[in-house]
Amino acid sequence: MPERTAVFTLDNNMAGKMSRLLEDKVAMVTGGAGGIGRATSLILAREGARVAISDVSVEEGTETAEQIIAMGGDAFFHSADVTREEDVENLVSQIVDRWGRLDCAYNNAGIEGAIRPTIELSLEEFNHTIAVNMTSIWLCMKYQIKQMLTQDQGSIVNAASAAGLVGFPNFADYVASKHGVVGLSRTAALEYAAMSIRVNCVCPGVIDTAMVDREAKKIPGIKDLALKIEPLGRLGRAEEVGEAVAWLCSDASSYVTGHPLAVCGGALAH
Ligand SMILES: NC(=O)c1ccc[n+]([C@@H]2O[C@H](COP(=O)([O-])OP(=O)(O)OC[C@H]3O[C@@H](n4cnc5c(N)ncnc54)[C@H](O)[C@@H]3O)[C@@H](O)[C@H]2O)c1
């Protein structure tokens, strides 16, 4: 037997120690007022993280923080529009002022875009989707990585989409923004790997949230269409994305960086 297989045996000291994935970590979640952002915030807290939640939606964002506190966790809400550099910079500062560090982040805030054929999109609509979904990811990473460099470690997860890996008719602005998120994540991963900062993204398929309800109003039948291409035969649940994010944030994924992780029920396996 090759000697190196011995490495794969569990350390005896680990027996009986079932620690949580993110014990004592400080996490930041954007777009945490509902949907995938709220579900992920709760899962990060369940795994032991202190969670800073932000969103433009103040009431629901505050509710997410209150739910964590009610679970016995530690959280606060800070209002921030991720398209505004001063809001993002201020958000990261608030976290560091309060908890002294930032270990992991889920840059999740996003919109579905205008949902029109390519030639019917206005420049304003296109630019808005790119600003909310893609430029915001660069802005968040800019301030998160600056902080993480002072700590010599960190893990960032960005919200891409299956639409970051393949095209979808009528979603040109959204698809462009999410392909951009995959590219930004890979580039930051390469730039900061040597400083022990990992950057990955999740690529969810169709997840049953308010965003998809809004899409279904514009394109009736979109959920049935999604079910047809879903090998698991159902839409995804917000918490199924949250579980993947928690793993990517944690040291359990220590050898994973620059990776777009599909959480899509197998739809991208076609
Ligand atoms: N639901 C899906 O099927 C699906 C699939 C793939 C990727 N995603 C991505 O996952 C993320 C979350 O999606 P969701 O389905 O939970 O959507 P959602 O609409 O339920 O939640 C999005 C959140 O982002 C917030 N937000 C929007 N613009 C903002 C801004 N400028 N600043 C701060 N917050 C802002 C909203 O207030 C909302 O709370 C998005 O980036 C989305 O593109 C969703």
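How many bridges join strand β2 to β3? In this predicted model, strand β2 (residues 50-55) is joined to β3 by five bridges, and the two strands run parallel. Local features were taken only where pLDDT is at least 70 and side-chain atom pairs only at pLDDT 80 or more, whereas totals for chains, interfaces and linings use all residues of this predicted model. Residues are numbered from 1 along each chain as its sequence is written. Helices (H or I, at least four residues) and strands (E, at least two) are DSSP runs numbered from the N terminus, and two strands are taken as paired if DSSP finds at least two bridges between them.

The β2-β3 pair belongs to an open sheet of seven strands with parallel pairing, in the order β3-β2-β1-β4-β5-β6-β7. Strands β3 (75-79) and β7 (260-263) form the edges, each pairing on one side only. On average, neighbouring strands of the sheet are turned by 20° against each other, direction ignored; axes are lines fitted to C-alpha atoms, for helices over the stretch in contact, and angles run from 0 to 180 degrees between N-to-C directions. Helix α2 (residues 58-70) lies across β2 and β3, and runs at about 170° to β3.

Further along the sheet order, strand β5 (residues 154-159) pairs with β6 in the parallel sense over six bridges. The bridge partner of Gly154 in β6 is Ile197. Strand β6 (residues 197-204) is largely enclosed by the rest of the structure, because eight of its eight residues are buried (20 or more other C-beta atoms within 10 Å of the residue's own; exposed means 12 or fewer, and partly exposed in between, with C-beta atoms placed from the backbone). Both faces of β6 are covered: one side carries the buried residues Ile197, Val199, Cys201 and Cys203, and the other carries Arg198, Asn200, Val202 and Pro204, also buried.

Helix α3 (residues 85-99) packs against helix α4 (residues 123-149) at an angle of about 30°, with the axes 9 Å apart. The two helices are therefore roughly parallel (angles under 35 degrees; over 145 is roughly antiparallel, 65 to 115 roughly perpendicular and the rest oblique). In the contact between them, Glu85, Val88, Glu89, Val92 and Val96 of α3 meet Leu139, Cys140, Tyr143, Gln144 and Gln147 of α4, where contact requires C-beta atoms, placed from the backbone, to lie within 7 Å. By class, this contact of α3 with α4 has six nonpolar, two polar and two charged residues (Ala, Val, Leu, Ile, Met, Phe, Trp, Tyr, Cys and Pro count as nonpolar, Asp, Glu, Lys and Arg as charged, and the others, Gly among them, as polar).

The loop between β4 (104-107) and α4 includes Ile115. Ile115 has a positive phi of about 55° although it is not a glycine, and counts as buried, with 21 C-beta neighbours inside 10 Å. Glu112 is found in the loop between β4 and α4 and is partly exposed, with 18 other C-beta atoms within 10 Å. Leaving aside neighbours within four places in sequence, Glu112 is in contact with Tyr174, Met211, Arg214 and Glu215. The C-alpha atoms of Glu112 and Val51 are separated by 25 Å, the two residues being 61 apart along the chain.

A positive phi, near 75°, is also found at Asn170, a residue other than glycine. Asn170 is in the loop between β5 and α5 (172-192), and counts as partly exposed, with 19 C-beta neighbours inside 10 Å.

Note on methods
Contact = placed C-beta atoms within 7 Å.
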